[in-house]
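Here is a short note to read alongside the model. The points are numbered so that each can be checked in turn.

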Amino acid sequence: MIRVLLPAHLRILAKADKEVELELGGPPTIGAVLDALEARYPVLCGALRDHATHQRRPFVRFFACEEDLSHEPADTLLPEAVVTGKEPFLVVGAIAGG
Amino acid sequence: MSGVRVLAGTRKGAFILTSDGKREKWEICGPYFAGWEMYHIKGSPADPNRIYASQTSGWYGQQMQRSDDGGKTWEPVGNKFVYDGVTGTHQFYDGKPHPWEFKRTWHLEPSLTDPDTVYAGVEDAAIFRTTDGGKTWAEMPGLRNHSTGNRWQPGAGGMCLHTILLDPANPKRMFIAISAAGAFRTDDGGESWKPINKGLYSQYIPEPTAEVGHCVHRIAMHPSKPYVLFMQKHWDVMRSDDAGESWHEVSGNLPTDFGFVIDVHAHEPQTIYVVPIKSDGEHFPPEGKLRVYRSRTGGNEWEAMTKGLPQSDCYVNVLRDAMAVDSLDECGIYFGTTGGQIYASADAGDSWAPIVRDLPAVLSVEVQTLP
């Protein structure tokens, strides 16, 4: 079970709790978490990644275990502590703008 | 008693203001979608309770919202705007080819007859359409694939398709405008498009009378005379009497012919409104006086409307989608400012009052006249 923390704007948009629990069917990768998140909350499609290219939106970041995973490829395996649910996978709106 | 509903999009959310036909007391609801940029909110002429809203964010991209109860509740609908086929390139600020990239939806134009059909003007410039109430959006690629497309360039605000006018007399005809490409018309329901920029003169492009490249800020039309168009260009207020085949300048005695908004009185097709703005660079009212200029002659002869508007120390802007009219017997005029005020006139512009003063910067104003 993967725990995902969403930023406030996306929680409101998705009508989701602050912490979302996801079960992944396959390997626990960054891409699999995002796929599962979008499957649970279709309104988040396009909000984290571009619809057409699946590239991460520039001001959306992915953190876990005090590491910035934003630039890692989608098939990167998540840290063990995230896979076991000990640590959350954080979706963060970057500090930018007014 | 009839009433009006003002739909205001701001930099940080949407607001809905309602009043009865007197338009003296206003109820303000919102913010809806707090913190998001609400570029445009517009109701269906065929079903006033059906309202669409473009919700965007530099962080989280484009969302599209729909209400079926006049704005009381909203549900997200489809937000997938993917260009049709090979994307191609337009000119970028550096003059080099740059691929089309979807950024946001600037303008929503619901069909005059079908609440489920809406046209969307987007940045980078293209027109999309939904026929299922916003669930899915498909590009009408004939516009972006026009032979001049690779020469279109963004204005300072981006390469946006910001104006869509539907011809009530001819369902196959519509007009659009792009900054900075110019105005275009389709006569076959959007399959093919024709630049309609003859008569425009833009000193800021290498060939001032070029077929495309003009920074058109807004076009307006009265539904009873859909072949008469009024344009606020980056500079110059223009008029066409032949559905855009040719334009002539009607700036007349305006203190400056720069501005963004232009609109037409609901019952008088020759009465038009602009808000002159000082430019280039400043983008605030001349002399710090916020004045709506009205022409009852379809241009050239303008009178300043000042009663109730700040006549000193006013340095706001009025953006291109931020003026609208109601269709009550005494036509109401509304506009929003980057200072967060929405001003309304219940007497066709003779006098004004703020109906709300301290919203976030206003991006768009639309008005629904309710039975």
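How many residues does the contact take from chain A and how many from chain B?

1. The model is predicted. In it, the contact takes 14 residues from chain A and 12 residues from chain B. On the side of chain A that touches chain B, the largest share is 3 residues, and these come from helix α1 (residues 8-14) of chain A. Sorted by class, that side of chain A has 8 nonpolar, 5 polar and 1 charged residues.

2. Next, strand β1 of chain A. In a regular strand the side chains alternate between the two faces of the sheet.

3. Which strands pair with β1(A)? One is strand β2 (residues 19-22) of chain A, which runs antiparallel to β1(A) and is joined to it by 4 bridges. Here A:L5 stands opposite A:E19 of β2(A). Another is strand β5 (residues 89-93) of chain A, which pairs with β1(A) in the parallel sense over 2 bridges. In this pairing, A:V4 has A:F89 of β5(A) as its bridge partner.

4. Within helix α2 (residues 30-40) of chain A, the residues A:I30, A:V33, A:L34 and A:L37 are buried. They lie on the same side of α2(A), because they cover an arc of only 95 degrees around the axis. What covers the buried residues of α2(A) includes β1, β2, β3 (60-64) and β5 of chain A.

5. Chain B, as a whole, has 0 helices and 30 strands. Its radius of gyration is 19 Å, close to the 21 Å that the globule rule gives for 371 residues, so chain B is as compact as a globular protein of that length. The C-alpha trace of chain B spans about 50 × 45 × 40 Å along its principal axes. Of the 371 residues in chain B, 53% are buried. Among contacts in chain B between residues at least 6 apart in sequence, 50% join residues at least 24 apart.

6. In what order do the strands of the open sheet that includes β30 of chain B stand? The order is β3-β2-β1-β30 (chain B), with 4 strands and antiparallel pairing. β3 (27-32) and β30 (362-370) of chain B each have a single partner strand, so each has one side left without a neighbour in the sheet. On average, neighbouring strands of this sheet are turned by 15 degrees against each other, direction ignored. Inside the sheet, strand β1 (residues 3-10) of chain B pairs with strand β2 (residues 13-20) of chain B in the antiparallel sense over 8 bridges. B:R5 has B:T18 in β2(B) as its bridge partner.

7. Another open sheet of chain B has 4 strands in the order β18-β19-β20-β21, again with antiparallel pairing. Its edge strands are β18 (216-222) and β21 (248-249) of chain B, and each pairs on one side only. Strand β19 (residues 225-233) of chain B is joined to strand β20 (residues 237-240) of chain B in the antiparallel sense over 4 bridges. There, B:L229 has B:S240 in β20(B) as its bridge partner.

Note on methods: Residues numbered from 1 in each chain as written. Chains lettered and ligands numbered in written order. Predicted model: local features only at pLDDT ≥ 70, side-chain atom pairs only at ≥ 80, totals over all residues. Pairing = 2+ DSSP bridges. Contact = placed C-beta atoms within 7 Å. Nonpolar A, V, L, I, M, F, W, Y, C, P; charged D, E, K, R; others polar. Rg over C-alpha atoms; globule rule 2.2 N^0.38 Å. Buried ≥ 20, exposed ≤ 12 C-beta atoms within 10 Å, placed from the backbone. Axes fitted to C-alpha atoms, helices over the stretch in contact; angles between N-to-C directions. Arc of directions from axis to C-beta.
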